[in-house]
Every structure is written in structure tokens, then in C-alpha cells.
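Open the model in your viewer and keep the selection panel at hand. The stops below go from a single side chain to salt bridges and then to an interface.

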Amino acid sequence: MSVPGSAIQLVPADQWRSTCEGLVDEGGRFLALYAVRENEDVAVRAAFDGPQGPTLISCTTESGVAESIVPVIPAAGWDEREAHDAYGVDFEGHRPLRALLAHPDDLSEWVVPVHGHDPYQVAVGPIHAGVIESGHFRFRVVGESILHVDLRLFYKHRGLERAAEGRPLSTGIAFAQRACAACAVSNSVAYAQAVESLQGYRPSPRLARVRTLLLELERLYNHLNDIGAACAGIGFAPGNMAFSALKERVHRLNQALSGHRFLFETIAVSRSPATIDRAAAAEARAEVETIAEDARRAWREVLFNASVQDRFLGVGRLSLDDALRLGTVGPAARASGLRRDARSDAPGLEYPGFEPASLRHSDGDVAARVNLRALEVDATVALLHELLARPAVPLAEPSAEAALEIAPGRAGIGVVESPRGETVCVLEAAEGLLTRMHLRTGSYANWPSLAHAAAGNLLPDFPLINKSFELCYSCSDR
Amino acid sequence: MFVLLRELQRLRRQIGLRPPGRSGSLAVRHVDAGSCNGCEHELGACFGPHYDAGRFGLSVAASPRHADALLVSGTVTTRMASPLRTAYESMPEPRWVIALGDCALGLTFLGDETELAGPVETLLPVDVFIPGCPPQPEAIAKGLLEAMDQSRGAKLGRRRLHL
Ligand code: SF4
């Protein structure tokens with residue numbers, strides 16, 4: 001049997017960038033970059049997804065300096081800035097290396113300079129008006145048009161990754177789950193899969209089923225919420241109310257099925273704490289049908305409302321090229337025409353013959369992102385219909401003891417499609433304890449794309465553009 | 001749109017929302033001081049169509065200067081401690097502080113201690129605690145109404161000034 005987990009392949013410091021570039025040229029896709037302390041040194045690791053599964057490469061920095069891969073992989077921009085702020089790595093070739101996680105007082109250390117006739121600044125947050133997570137946006141504006149926006153997140157940085165270090169692999173999952181309520185299942189499954197890959201444990205078909213079911217329930221309430229949020233973004237109260245009501249019904253369904261409205265604590269490593277009995281599954285199935293029926297009706301009203309569509313169309317456009325370059329993931333990427341969904345290749349979950357949703361017109365604007373979610377609601381409903389129908393809906397599965405010997409120099413990688421997009425969890429462990437956990441969520445991947453899509457639009461349209469991406473702050477801040 | 005409005009009417013009939021049966025109002029300023037977003041979702045639901053906290057005179061204010069109560073969710077991170085204090089200091093007296101969720105109450109300690117400033121109570125005087133992870137919308141509405149009851153009849157000067 002092969003050794004479980006992914007080997008951490010060492011790369012000489014002067015070949016770091018060329019190796020990363022080579023992996024991408026061979027069809028690999030950038031997943032994440034993070035730093036880790038190794039004795040006295042700091043090493044940089046990068047994960048890629050390829051035809052042969054995930055690859056993890058590492059290079060030890062030379063007194064804290066590493067080659068930047070941003071010139072060849074722009075999607076790693078935030079990752080490098082974070083590694084710099086948290087681990088002091090200087091990335092050669094990434095200039096200026098602006099602060100991201102750190103919050104310097106000096107504006108010039110973190111914003112892009114804007115010159116020209118009469119540009120002014122609009123600073124919003126960290127506390128927003130209404131019930132919104134905390135984060136700060138710095139807009140550079142001429143008249144009503146956004147020239148550029150710098151995002152300063154990490155106000156909610158709780159140091160979850162660091163706090164998880166030194167914990168047993170089975171309990172570290174709490175840190176992944178509490179990173180974000182709206183993506184609790186996705187983050188936990190990514191974590192569980194990373195541990196299982198490290199331990200060489202393959203989820204049984206029953207375990208795969210419950211997890212898929214829970215993931216789709218999470219997607220359902222999130223997508224309904226996000227369509228409602230886009231309606232709120234243009235002040236279309238009836239649409240917002242209708243979709244909020246639908247979302248609430250899914251929360252109640254979650255409560256009835258799992259005992260928690262946000263499905264907290266339903267995912268564990270190599271077992272399933274969620275117990276779903278057959279009668280509850282049958283009831284849930286009927287309820288999903290009625291929710292879907294009402295959602296379709298509400299959606300038609302949104303779709304055929306001329307003034308709503310007038311506000312959605314052509315706003316906050318993200319081109320396919322930009323989505324590729326910036327490494328956009330999830331519904332936002334698919335709305336720009338990128339046919340990628342981590343569900344189409346999801347070992348350990350049950351998505352037979354899954355096809356990513358695609359629109360006839362992938363314009364990458366607000367309308368496309370909202371339309372795509374509506375399409376995905378239908379797909380999720382169909383999946384739930386299947387998952388809740390077959391009697392194999394499992395009861396709690398007894399923990400299967402896996403080979404707990406973890407080979408040194410290996411890491412576990414879990415990849416899950418969350419409601420916002422591909423979420424990656426990379427774990428390193430020694431003697432059964434976590435030495436490094438890195439969680440790169442779909443939200444984290446997409447914030448730079450949001451900033452890019454906002455440029456050139458009207459400032460009053462920003463809330464709408466923001467809501468069409470509907471990214472979590474807590475997922476990114478960790 | 002008319003279909004949607006009709007749906008809402010139907011929903012209201014189905015839910016059978018009881019009339020408030022009390023008078024008064026409370027404008028709440030919400031500050032997320034480092035939550036996982038669960039408390040925000042439930043707070044949103046509390047003001048959404050099923051629970052409709054607005055009918056009890058509860059509202060979410062867009063500025064601390066318009067607020068009677070500060071509603072804080074999340075374990076306060078070191079980075080949110082100062083904006084939180086600024087929000088509190090911007091409020092007119094008399095003012096109330098409500099801690100929302102187990103994190104804000106200091107019941108969960110998820111995070112690295114160097115990044116956390118501590119539960120809300122260690123930074124601001126808390127009047128009402130709403131436990132839960134996240135607290136359900138009914139529990140939030142109850143907590144807010146308790147603050148509203150406390151505020152009724154309270155006069156400036158009867159409370160300590162926390163500046
Ligand atoms: S109390 Fe629970 S739901 Fe609320 S912020 Fe904390 S972890 Fe999230």
C-alpha cells in the first residue's frame with residue numbers, strides 16, 4: 001500500500017518559481033500557499049491540484065527570503081502578503097509587498113496609490129451600517145466612479161490556525177468549523193478529508209453520503225440567502241423577504257434533521273456524528289420539494305422584473321480572463337464562464353456524474369452570478385431529492401480506526417466546494433498532533449476578484465456587487 | 001412583485017405572528033467584534049419575515065449615535081477592541097450593552113490568546129447576556145426585549161456614565 005498523504009517535495013530556493021510555473025504548465029492548478037516554521041527556519045509551501053491529485057512543494061527560505069510566484073501565478077497574491085505579515089517571509093519579485101494581515105497606520109503601506117485629477121477617498125468600516133461582518137474598504141473615487149478599492153480585512157482575525165497547532169488531529173476540527181458558520185460544513189469536511197488523507201482512511205460510501213447531504217443542505221440555505229441578499233442590494237424588499245423566508249425554512253429543516261440550524265458539529269474525522277433517521281429523511285424530502293417549488297416561483301418574479309434586471313445587468317463585470325488570472329472560484333468563477341466545480345471530482349463524497357452549472361451567457365456580471373446561483377439551487381434540490389430518498393441515509397457510523405502512524409514529511413490535503421467556492425485545507429502533523437493547519441476558503445480566494453470587478457463601477461453599486469459575490473469575512477480572517 | 005407580496009401575506013397568516021402587546025422601542029447598533037458570522041445570520045433572521053422583531057419596536061440603527069443599545073457579537077479580537085470602544089463612546093446616554101452569543105459571553109475560547117482582547121464584559125459594562133451558539137432568533141428577540149424593559153423608565157443619571 002502506498003504511504004498515505006501527499007509528500008512534501010523539497011525544492012531548492014532558486015528553483016521555487018520555475019517549479020511552480022512548471023506545475024501550472026503541466027496543467028496543475030494553484031490551490032494555496034502558506035509559510036511554516038521549521039526549527040530555526042521558515043519554509044514556504046505551495047499546493048497544486050493536478051491530474052495525479054494534489055501536489056505539495058516546499059522551499060526553505062534563505063534568511064527569510066523566497067522567490068515570489070506572483071509574477072507567474074497572480075492568484076497567490078494574498079497568500080504571499082499573508083505569509084509575509086505572519087511569518088516575516090520576504091518575497092523577491094513581489095513589489096511592493098503590501099500589508100494584508102498586518103494593519104499599519106501608514107496608509108501608503110497597504111493601499112495602491114492613485115494619482116490624477118480630483119480623486120478622493122471614501123473609507124467604509126470596519127463597522128458597517130446594519131447587520132454585517134466587520135471589515136474595512138478604502139475606495140478611491142472620482143465623482144461617483146470607483147477607480148480602485150483596497151480591502152483591509154482581518155479585523156476578525158482570531159488566530160484560529162495557530163490556536164489549532166499542538167492539538168490532536170481529531171479535535172482540531174473545531175477550529176476549522178468555527179472559522180465560519182455559513183461554511184461550517186464545508187470547512188469541516190475539508191479538514192476531515194485532510195486528516196483522513198494523512199491517515200490513509202477512505203470514507204465509506206455511507207459516510208460519503210451523509211457528508212454530501214450535509215454539504216448540499218448548507219449550499220441550499222446559502223444560495224437562497226445570497227439571492228435574497230442581491231435583492232436587498234438594490235432595495236428590492238419583496239425579493240429579499242421571500243428568499244429570507246425560504247432560507248429560514250432550510251434552517252428549520254436543518255434543525256429537524258441534525259439538531260442544529262447551521263449543522264454545527266455534524267462532521268467529525270472518519271465518522272459521522274449526525275444521525276438521520278428514515279422518517280426524518282422522508283419528511284425532509286417533502287419539505288425540500290415545497291421549498292424548491294416556492295423558490296422557483298419567487299425566482300420567476302425576480303427574473304421577470306424589468307427594474308431588478310436593469311440593476312443587475314452589466315454591473316460588476318469579471319471577465320473570464322481575469323477570473324482565470326486571479327484564481328476566482330465557485331459560483332463567481334462559473335458566472336464568468338469558468339467550468340470548474342470541485343464537486344465534479346470529489347473522492348470521498350457522492351456526486352456521481354456531476355456537471356458544473358453553466359449559463360448560456362456567462363457575462364460575469366451581477367446578473368450572471370445571481371442567475372447561476374438560481375441554477376445551482378435547482379441542482380442542489382435534485383441532489384437532495386436523491387440523497388434523502390435512498391434508504392441508505394446513514395445512522396451514526398462507528399469510528400473506523402485508521403492507521404494512525406503518520407509518515408514524516410507528508411501532509412494531508414482536503415478540497416471541498418463550499419457555497420462560495422473551492423475551499424482547501426492543508427494539514428501537517430507530528431506524533432498525532434497538528435503542527436500546521438492552513439485553511440484557504442472560497443471567500444479568501446475571491447476577495448481580490450471582487451475588488452477587481454468593482455473598479456470602474458459606481459460607488460452606490462458596490463453593495464450590490466459585494467452581495468453578488470457574498471463572501472464571508474470570518475472565513476478569510478480566521 | 002405582486003406575487004411575492006401575496007406570498008408574504010400568506011406567510012404572515014401562516015406564521016400567525018402575535019401582535020406585540022407592548023409599547024416602547026429600542027434602536028440597536030450591532031457590532032461584529034470577531035464572530036464566526038453565525039450570530040449575524042440569526043440576528044438577521046430575528047428581523048426577517050418569520051420573527052419580524054420590528055413589530056415589537058425593535059430596530060437596527062445604522063449609526064451608534066442613533067442607538068439605545070449596543071449589541072456585540074463574537075469574541076472581541078484585539079483589532080476590533082478599539083472600533084468597539086469608539087462605537088460605545090459615540091452613543092448617547094443612557095445606553096445599554098448586550099452581549100450576543102457564547103463567544104461574546106466568553107463561553108468559547110476559539111482562537112489564539114494573543115489575538116483576542118477578551119469577552120465583551122471585560123471591555124464594556126454588559127446589561128443583557130444572550131447565550132447560545134448561535135442564539136436562536138427567538139432568544140435574541142427575548143434578550144432585546146429585556147433590554148427594552150430595562151430602558152423603560154430609566155433616566156439619564158440613574159445609570160453610571162461609562163466614559
Ligand atoms: S457564539 Fe457561536 S455562532 Fe456566535 S460567533 Fe461565536 S461561534 Fe459563532
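**Stop 1: D79(A)**

Select D79(A) and L33(A): a polar atom of the D79(A) side chain lies 3.2 Å from the backbone nitrogen of L33(A). That falls under polar contact, a pair of N or O atoms within 3.5 Å; within protein, one must be able to donate a hydrogen and the other to accept it, and residues adjacent in sequence count only if both atoms are side-chain atoms.

Before moving on, note that this is a predicted model, in which local features need pLDDT of at least 70 and side-chain atom pairs count only at pLDDT 80 or more, while totals for chains, interfaces and linings use all residues. Residues are numbered from 1 along each chain as its sequence is written, chains are lettered from A and ligands numbered from 1 in the order in which they are written, and side-chain values use heavy atoms, with hydrogens and water left out.

D79(A) sits in helix α2 (residues 77-87) of chain A; helices (H or I, at least four residues) and strands (E, at least two) are DSSP runs, numbered from the N terminus. With a relative accessible area of 2%, D79(A) is buried (buried is under 20% relative accessible area, exposed over 50%, partly exposed in between; 1.4 Å probe, protein chains only). Show its surroundings: leaving out residues up to four places away in sequence, D79(A) touches F30(A), A32(A), L33(A), R440(A) and Y444(A), where contact means heavy atoms within 4.5 Å.

**Stop 2: salt bridges**

How many salt bridges does the structure hold over all chains? There are 43, a salt bridge being a side-chain nitrogen of Lys or Arg within 4 Å of a carboxyl oxygen of Asp or Glu.

Select E350(A) and R209(A), whose side chains form a salt bridge at 3.2 Å, N to O. E350(A) is in the loop between α11 (330-335) and α12 (366-389) of chain A and R209(A) is in helix α6 (residues 205-233), so the pair links parts of the chain 141 residues apart. Both residues are buried.

Next select R343(A) and E216(A), a salt bridge with its closest N and O atoms 3.3 Å apart. R343(A) lies in the loop between α11 and α12 and E216(A) in helix α6, so this pair ties together parts 127 residues apart in sequence. R343(A) is buried at 3% relative accessibility, and E216(A) is buried at 0%.

Now go to chain B and pick E7(B) and R10(B), which form a salt bridge at 3.1 Å, N to O. They lie three residues apart, about one turn, in helix α1 (residues 2-15) of chain B. E7(B) counts as buried at 18% relative accessibility, whereas R10(B) is partly exposed at 32%.

**Stop 3: where chain B meets chain A**

Select the contact residues: 45 from chain B and 50 from chain A. About 3900 Å² is buried between the two chains, 62% of it from carbon and sulfur atoms; buried area is the accessible area (1.4 Å probe) that two parts lose on being put together, summed over both. Highlight L4(B), R79(B) and L110(B), which supply 18% of the area that chain B buries against chain A, more than any other three residues.

Six salt bridges cross this interface. To see a salt bridge between the chains, select E115(B) and R162(A), at 2.8 Å, N to O. Between chain B and chain A, 22 residue pairs are in polar contact, both residues at pLDDT 80 or more.
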